[in-house]
Amino acid sequence: MCCQNYETLKTAILALLKWSDDEIKYHLTKEGFEYLLQHKGYDPSYKKDILNIKTALNIIQKEIKNG
């Protein structure tokens, strides 16, 4: 795994510790993610953290797939 992936995973883990579990679970769904992107009332750092978590999940899925 390259350094960029490591940093993304590290950032995502820190984000998971920072925000509410229920919020994260909802905003990782397709519907919740679209809602998050459309509404301006959310903290910009929260939006960035959700994007980092989604990216980290994609990295993990690829790593698992590639064995």
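Predicted model: local features only at pLDDT ≥ 70, side-chain atom pairs only at ≥ 80, totals over all residues.
Residues are numbered from 1 along each chain as its sequence is written, and side-chain values use heavy atoms, with hydrogens and water left out. Local features need pLDDT of at least 70 and side-chain atom pairs count only at pLDDT 80 or more, whereas totals for chains, interfaces and linings use all residues.

The protein chain contains 4 helices and 0 strands, where helices (H or I, at least four residues) and strands (E, at least two) are DSSP runs numbered from the N terminus. The order of elements from the N terminus is α-α-α-α. The C-alpha trace spans about 40 × 20 × 20 Å along its principal axes. Of the 67 residues in the chain, 28% are buried; buried denotes under 20% relative accessible area, exposed over 50%, and partly exposed in between (1.4 Å probe, protein chains only). Among contacts (heavy atoms within 4.5 Å) between residues at least 6 apart in sequence, 50% join residues at least 24 apart.

The largest nonpolar core comprises 11 residues, namely L9, A12, A15, W19, I24, F33, L36, Y46, I50, I53 and A56. Such a core is a set of buried Ala, Val, Leu, Ile, Met, Phe, Trp, Tyr and Cys residues joined through side-chain atoms within 4.5 Å. At least two residues of this core are supplied by each of α1 (3-18), α3 (30-38) and α4 (44-66), and the largest share, 4 residues, is that of α4. Apart from neighbours within four places in sequence, I50 touches I24, H27, L28, F33 and L36.

In α3, the buried residues are G32, F33 and L36. They line one face of the helix, because they fall within an arc of 100° when viewed down the axis of α3; the arc is that of the directions from the helix axis to the C-beta atoms. The cover over these buried residues includes α2 (21-27) and α4. On the other side of α3, K30, E31 and Q38 are exposed.

The contact of α3 with α4 brings F33, L36 and L37 in α3 against Y46, K47, I50, L51 and K54 in α4. These residues divide into 6 nonpolar, no polar and 2 charged, with Ala, Val, Leu, Ile, Met, Phe, Trp, Tyr, Cys and Pro counted as nonpolar, Asp, Glu, Lys and Arg as charged, and the others, Gly among them, as polar. The axes of α3 and α4 come within 10 Å and cross at roughly 145°; axes are lines fitted to C-alpha atoms, for helices over the stretch in contact, and angles run from 0 to 180 degrees between N-to-C directions.
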